[in-house]
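Hi,

Here is the structure I promised to pass on. Have a look at it, then read my notes on its salt bridges below.

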Amino acid sequence: MLITTKIKLMLEQEHHDKLLETMKQYNAACNYISGFAFEQSQYNRIKLQKLVYYDVRDKFHLSSQMTILAVRKVADAYIAGKAKKKKEYKKPKSKKNVEKTLISFRETGAMSYDARTLSFTGLELASILTLDGRIKVPMKISPYHQGVMQGKNIRGQADLIWHDGVFYLLLVVELPENEPYIPIDALGVDLGIKNIAADSMGESHSGDAVNAVRHRNAKLRAKLQAKGTKSAKRLLARRRRKEARFSRDVNHCISKHMVEKAKRHRSLLALEDLTGIRERITVRKAQRRNQHAWAFAQLRSYIEYKALIAGVPVVLVDPRNTSRECPQCGHIAKENRKTRDWFCCQACEYAAPADNVAALNIRSRALVSVPNVGVAI
Ligand SMILES: [Zn+2]
């Protein structure tokens, strides 16, 4: 499977300015090409390239390959736009009926690179083409991605983006998938706020550290937003990035742990199926409203893709009442969950941490939905 990793470039000021200048020139060229393409109704990449190539090189001083990539970006944008329009209007009678509008590109819009304009030395250095020749730039790659990419031949196909004054490469890495094994058990995992993840074997990962950082930043944000100065904004952006990085690292760590644990026990991984669910219990609603929501979605996607790579089968189960049902006697009642953290069955007095109870219910639902589990050894 293909995954996209975001890699921070550690640029010194001189290199940063060079790269920013290149990006601006490139997008200016894209706008020029876009204007030409629109005027001539020419969205075929090859034909467009023939028509504008020398003009673009002359006017914007882009290298040959950069010019080709700029033409491709413009042609792709029109074709993607066309496809989207087609979907919206359902059935256009002919191509001419598809309404076209002039596409323009931001001054600091993403810039495409390929193997001719970008190369790597190990996982440490990127060699990036600018208007003024190549620059060698150190990269910052998270320990997790270092592990994943170790020994892989990474090609130069990437998007360069600029965000809050920092350059990143969005690099697509191909990871081999493993054939899923036949599970002999199921590991239920409940995702939440108080505990980021709790499993059916009684283990849970506290969200306290992540929540504390988030809370601290929210308070600081309110204070700095009131100030509204440029340096306050910069500080805020830096804090936001740091928070996102921290939360991402935690999510990588937990998802890796869960997937490895399931594999070790030759279990399938069971999660709640949250697609199409509107009616959710109170905790979940609160979750969706606040900033936890994206971290939550990120953890799910990490678990799913790591499972795919590791060959761990994943099952999504009906999420209704997972936190209200007694795993021992099956009694379902709101009163079973007196507090957010604690479960106590009103019928049989079974008691346990609420998150782990939910995970147990997720596990038993998975075992029901995959009836062969436990038979094969
Ligand atoms: Zn009970």
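Let's start with K59 and D55, which both sit in helix α2 (residues 45-60), 4 residues apart, or about one turn of the helix. Helices here are DSSP runs of H or I with at least four residues, strands are runs of E with at least two, and both are numbered from the N terminus. K59 and D55 form a salt bridge, with their closest N and O atoms 4.0 Å apart. That term means a side-chain nitrogen of Lys or Arg within 4 Å of a carboxyl oxygen of Asp or Glu. K59 is partly exposed at 45% relative accessibility, and D55 is partly exposed too, at 35%. (Buried is under 20% relative accessible area, exposed is over 50%, and partly exposed is in between, using a 1.4 Å probe and protein chains only.)

A quick word on the source: this is a predicted model, where local features need pLDDT of at least 70, side-chain atom pairs count only at pLDDT 80 or more, and totals for chains, interfaces and linings use all residues. Residues are numbered from 1 along each chain as its sequence is written, and side-chain values use heavy atoms, leaving out hydrogens and water.

Next, R241 and D164 form a salt bridge, with the closest N and O atoms 3.7 Å apart. R241 lies in helix α6 (residues 230-264) and D164 in the loop between β6 (158-163) and β7 (166-174), so the pair ties together parts 77 residues apart in sequence.

Then there's D199 with K261, at 2.7 Å from N to O. Both are buried, and D199, E203 and K261 are linked in a network of salt bridges.

In total, the count is 12 salt bridges.

Cheers
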